[in-house]
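Please work through the exercises below with the sequence and the model at hand. Each task is followed by a solution in steps.

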Amino acid sequence: MNAIPSAAPDDAAEHVAVAAERRWALIVVGIIALLVVVMIVTGLHWASMPPSRVETIDVRRVHLEGEFVEPNLGTAVASDGRVTVRLVAQQYSFTPPCIVVPADTPVTFRATSTDAIHGFIVGTTNANTMVIPGFVATFTTTFRDTGEMLMPCHEYCGIGHEAMWARVQVLPADEFLRRARATERMSCVPR
Ligand code: CUA
């Protein structure tokens, strides 16, 4: 040990320690800043794309009155050209079990359930919703490709769940409109 300690080595060690602490402090601050940015971005994203509004329906009267009576189910073209698909989910089927829609046209789905919680997704498209008794599920989507897709129930709803599915036929828009002119409510259910 020196009688008179040299200041230089201690200064160098302290300098290294302070630099390391500052480096770690910056990394921690960076991680916290990243988490705050993620919270703000996801918050704004969900505020700008909120889940659809709540629309209720009396589940005991679904079949008796209102828009989900059987003759009103299927695909309708309004006088302003808007296309709406109305369907009812029940254990273990969808009514109608075959749905016709036009390609390259916004299509609004409106669905409700009469018993358990069901859900559906159309092929690999983004048409995807839960269907809950007492509520009307609605969304609007546009199908790009023509052809037929499966529309399975994707919420476990009982022992028949895996057999619960419908078909969706996407027709070219002009062919769809030609068929729509002949009838008020369209479906591809064989008669
Ligand atoms: Cu309906 Cu699963």
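This is a predicted model: local features need pLDDT of at least 70, side-chain atom pairs count only at pLDDT 80 or more; totals for chains, interfaces and linings use all residues.

**Exercise 1.** Determine which cysteines form a disulfide, and describe the link.

Solution. Step 1: a disulfide is counted when two cysteine sulfur atoms lie within 2.5 Å. The sulfur atoms of Cys-98 and Cys-188 are 1.8 Å apart, so this pair forms a disulfide. The structure holds one such link.
Step 1: locate the two ends. Cys-98 belongs to strand S4 (residues 98-102), whereas Cys-188 lies in the segment after helix H2 (173-181). The two cysteines are 90 residues apart, and their pairing links distant parts of the chain.
Step 2: examine the geometry. The angle about the S-S bond is -95°, and the link of Cys-98 and Cys-188 is left-handed.

**Exercise 2.** Decide whether Cys-153 and Cys-157 are buried or exposed.

Solution. Step 1: buried means under 20% relative accessible area.
Step 1: Cys-153 has a relative accessible area of 7%, and therefore counts as buried.
Step 2: Cys-157 has 6% relative accessibility, so Cys-157 is buried as well.

**Exercise 3.** State the order of the strands in the open sheet that contains S4, and identify the edge strands.

Solution. Step 1: the sheet has three strands, in the order S4-S10-S9, with mixed pairing.
Step 1: S4 and strand S9 (147-152) each pair on one side only, and these are the edge strands. Neighbouring strands of this sheet are turned by 25° against each other on average, direction ignored.
Step 2: S4 pairs with strand S10 (residues 165-171) in the parallel sense, over five bridges. Val-101 has Val-170 in S10 as its bridge partner.

**Exercise 4.** Describe the hairpin of S6 and S7, and sort the side chains of S7 by face.

Solution. Step 1: strand S6 (residues 118-121) and S7 run antiparallel and are joined by four bridges. His-118 has Val-131 in S7 as its bridge partner.
Step 1: six residues lie between the two strands of the hairpin, and Gly-123 in the turn has a positive phi of about 50°.
Step 2: in a regular strand the side chains alternate between the two faces of the sheet.

Key: Residues are numbered from 1 along each chain as its sequence is written. Side-chain values use heavy atoms; hydrogens and water are left out. Buried means under 20% relative accessible area, exposed over 50%, partly exposed in between (1.4 Å probe, protein chains only). Two strands pair if DSSP finds at least two bridges between them. Axes are lines fitted to C-alpha atoms, for helices over the stretch in contact, and angles run from 0 to 180 degrees between N-to-C directions.
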